[in-house]
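Please consult the sequence and structure as you read.

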Amino acid sequence: MKKFTNARIYRQHDEVTDILVDKGVITQIGKNLPKAGEEIDLRGRLVVPPYVDAHLHLDYVYTGRNTGATNNTGTLFEGIARWHDVKKTQTFEDAKERALKGIREEVSKGVQFIRTHIDVDDPKLTGLKAMLEIREQLKDNVTIQIVAFPQEGMYAYKGGDEMVEEALKMGADCVGSIPHFEWAREIGEKSIHRTVELAVKHNKLIDVHCDETDDVMSRFVQLLNALVMAEGMGPRTAASHTCSFGSADNAYAFRMLGLFQQSGLNFISLPTENAYLQGRQDSYPKRRGLTRVKELWDSGVNVCFGQDSINDPWYPAGNGNLMNILDNGIHLAQTMSFDELDRCLDLITYNGAKTLNVQDRYGIEKGKPANFLVLDADSPFEAVRQRADVLASIRNGEYLFKRPEPSYEVELDLFRKTR
Ligand code: FE2
């Protein structure tokens, strides 16, 4: 048995408490718990469930630089065109090596749950095969969900819908699609119908790249929401991006927020990615590409944040640091009241877990796997204000990593000369 003492558990305990772990599972939380063979004093630090990256493209990481894939317009559509060329050169070994490097970056910053979209518009399904192998190899350390994602369309890419189904049969967890990239609205709608059909047929989750455009006429989220609501699949479905919902008129948004509440649809916003990619056809005022995060959150609709890209043809930066994503996201969404700051860690923890449908094994509770992070802060507010580092990531009661608090070789002493 192991006991983590003097923890401040996010959204559960203002006062310090102890966590008892046996065989990788939390057996008790509270004070005056039985003695354990190993006792670790967390000294009042904030303990949160692991970060969840709800949207990442692990087959693209590190293809943004030195591959000839420079995206000169900085748009989503040129990114897709550049990737089209890069993926022809992708090998199984190369895909696996880059993805592992990306996972390492994320896990080293506290992520333990990743949903990755893998491009299946590829007759060889190279990226998918690499990711299926990695998912199995790393399952004890990081939970990975794979979306069968037709990056160049289900129909704009010939046979894309068949490749998606093939990927589902091979073991992908979620059906993906990209309706705003199809060649016409009707074909985008057809891809949404096909997405839902495939999810029902194969009993899979759904995650659609939905309305990733400033075009206010792009309203595929309306059809997606209606179809999954009819199937009772809203909570098993995510709409990623929905940038155009941030540009839509208020009457439409008002109607849709009510329907989203009814369906239980989940939303994934990618704040750094879309702040960079969107607004490219605007002069000024220039839109920032964010969906209505604040209004979704205020309405009780589940919304979370994700990284999306790590150095790929769509976005040059990205390092898997979800605290950085949260920091950007709450600024862009203007969700920084003190009340919002106290609970905005939800956007990279609990809300992401709900989106991934992993709530049954997520959270710091008796009977759940002992998966949690120790942050270098003593409250949620300080964690966000200071963009706190992760001091330790614990998985099934064991350290995935542990690092020392930052220290100075030369202490800062502003007052030395005044003494
Ligand atoms: Fe994406």
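Q: Is histidine 55 buried or exposed?
A: This is a predicted model, in which local features need pLDDT of at least 70, side-chain atom pairs count only at pLDDT 80 or more, and totals for chains, interfaces and linings use all residues. Residues are numbered from 1 along each chain as its sequence is written, and side-chain values use heavy atoms, without hydrogens and water. Buried means under 20% relative accessible area, exposed over 50% and partly exposed in between (1.4 Å probe, protein chains only). Because its relative accessible area is 0%, histidine 55 is buried.

Q: Which residues coordinate the iron ion?
A: Donors are N, O and S atoms within 2.8 Å of the metal (3.2 Å for Na, K and Ca); water is not among the atoms, so sites may look incomplete. At 2.2 to 2.5 Å, the iron ion is coordinated by His55 (NE2), His57 (NE2), His209 (NE2) and Asp308 (OD).

Q: What is the relative accessible area of histidine 209?
A: Histidine 209 and histidine 55 link distant parts of the chain, 154 residues apart. Histidine 209 is buried, with a relative accessible area of 3%.

Q: In sequence, how are the donor residues of the iron ion spaced?
A: The donor residues include His57 and Asp308. Along the sequence, the spacing of the donor residues is H-x1-H-x151-H-x98-D.

Note on methods
Helices (H or I, at least four residues) and strands (E, at least two) are DSSP runs, numbered from the N terminus.
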